[in-house]
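Here is a short briefing on one protein chain. Look at the sequence and the 3D view, then work through the points below.

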Amino acid sequence: MKQFISSNDVPSISTLINQALIYKSSPRKDELLGKNKRLGCLFLNPSMRTRLSTQVAAQQLGMECVVFNIGTEGWAMEFEDGAIMNGTTAEHVKDAAPILGKYFDVLAIRTFPSLKNKDADYSEHVIHQFIKYAGIPVLSLETATLHPLQSLTDLITIEEAMSANFTSKRKPKIVLTWAPHVKALPQCVANSFAQWINAWGEADFTIVHPQGYELSEEFTRGATISHNQEEALQHADFIYVKNWSSYNDYGNTPAYQGNWMLTLEKLKSTNQAKVMHCLPVRRNVELADEILDSEHSLVTQQAANRVWAAQAVIANLLEK
Ligand code: CP
């Protein structure tokens, strides 16, 4: 792999999942792979899991990891070509990225969308500028529209749970359900989950959300789309809970009807479904305590698996 910004960069998702699971059983098996190599992690936005799991993964490959909270500690960065920089931005990505390419062997970046300008967000202008000017492999730690390390982790967790609990040969029924939230969130986790589940091709996949919360078909094509949560959850094996703001009415939160928070009562029609969430989660808004604190929840296992996903991806980028 030359870069890791979406499932399209991965030659074989199953191979990458297996590689991550091998690292889980033998974390230090490639501890010399990253010797004398340096990973730069740039955060334009907050993070706990992504930041720490990526650092742990790099260390287990023998690689040094330098974290820079560029969003709060760096110069305000300009991404517009030809910008007259007489405003608040102090440094152009054209000047910063080539320097980062000299300091590091692999560059990892987290950015968020504006949720105001759909075309700019969906062009992934920010990470593409770093790819263009850094001249080294670039790894997404979440971008405006996708969160590929999270999605790889989600598939690893599903594979593990299937090996432990699933006796049938049929494809698992996986439901991505919209959940309420107190503010407008990006579509990236939901887009990315849909993209990876569709590319993996091993699931009966349904996405359920209120009217007005349709995601981009670029990512959802192939999934069954529903607006009826009760119906969609029937016989589900896995339920992925996530809030997102509107894609069509970009970044807004249209009014909706009904109670969309997942509860134990709603799991009764499922196949004793396992429940997933990328975290952080708003308890008793997105997901009830009674699920998060129950045997149904995979969220801790899922977050712990972030290390193995990051390790498999960094190893592939180093091998390039
Ligand atoms: N799921 C996730 O990306 O968590 P952080 O925002 O804490 O990195």
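Is C188 buried or exposed? C188 is buried, because its relative accessible area is 1%. Buried means under 20% relative accessible area, exposed means over 50%, and partly exposed is in between, with a 1.4 Å probe and protein chains only. The model is predicted: local features need pLDDT of at least 70, side-chain atom pairs count only at pLDDT 80 or more, and totals for chains, interfaces and linings use all residues. Residues are numbered from 1 along each chain as its sequence is written, and side-chain values use heavy atoms, leaving out hydrogens and water.

**Cysteines**

- A disulfide is a covalent bond between the sulfur atoms of two cysteines.
- Here a disulfide is a pair of cysteine sulfur atoms within 2.5 Å.
- By this rule, the count is zero disulfides.
- C188 is in no disulfide, and the nearest cysteine sulfur, that of C278, is 8.3 Å away.
- C41 counts as buried, because its relative accessibility is 1%.

- Helices (H or I, at least four residues) and strands (E, at least two) are DSSP runs, numbered from the N terminus.
- An α-helix has 3.6 residues a turn, so residues three or four places apart point the same way.
- Helix α4 spans residues 93-103, and its buried residues are V93, A96, A97, L100 and G101.
- They cover an arc of only 140 degrees around the axis, so they sit on the same side of α4.
- The arc is that of the directions from the helix axis to the C-beta atoms.
- The cover over these α4 residues includes β2 (38-43), β4 (77-78), β5 (91-92), β6 (106-110) and α6 (125-134).
- Which residues of α6 are buried? They are I127, Q129, F130, Y133 and A134.
- Their arc is only 155 degrees around the axis, which puts them on the same side of α6.
- The buried residues of α6 pack against β2, β4, β5, α4, β6 and β7 (138-140).

**A helix pair**

- Two packed helices are described by the angle between their axes and the distance between the axes.
- Helix α7 (residues 148-165) packs with helix α13 (residues 306-319) at an angle of about 115 degrees, and their axes are 8 Å apart.
- Axes are lines fitted to C-alpha atoms, for helices over the stretch in contact, and angles run from 0 to 180 degrees between N-to-C directions.
- On the α7 side, L149, Q150, L152, T153 and I156 make the contact, while α13 supplies R306, A309, A310 and V313.
- Contact means heavy atoms within 4.5 Å.
- By class, the contact of α7 with α13 has six nonpolar, two polar and one charged residues.
- Ala, Val, Leu, Ile, Met, Phe, Trp, Tyr, Cys and Pro count as nonpolar, Asp, Glu, Lys and Arg as charged, and the others, Gly among them, as polar.

**Two residues and their neighbours**

- F219 lies in helix α9 (residues 217-220).
- F219 counts as buried, because its relative accessibility is 4%.
- Which residues does F219 touch, leaving aside neighbours within four places in sequence? They are Y122, L146, N191, A194, Q195 and N198.
- F219 and L317 are 98 residues apart along the chain, and their C-alpha atoms are separated by 24 Å.
- T224 lies in strand β10 (residues 224-226).
- T224 is partly exposed, with a relative accessible area of 44%.
- Not counting residues up to four places away in sequence, T224 touches F205, T206 and I207.
- T224 and E64 are 160 residues apart in sequence and 43 Å apart in space, C-alpha to C-alpha.

**Backbone details in loops**

- The peptide bond from L279 to P280 is cis, with omega near 0 degrees.
- P280 is in the loop between β12 (274-276) and α11 (289-292).
- N36 is not a glycine, yet has a positive phi of about 65 degrees.
- N36 sits in the loop between α1 (13-25) and β2, and counts as exposed at 72% relative accessibility.
- Q272 is another residue other than glycine with a positive phi, near 45 degrees.
- Q272 lies in the loop between β11 (238-242) and β12, and counts as exposed at 66% relative accessibility.
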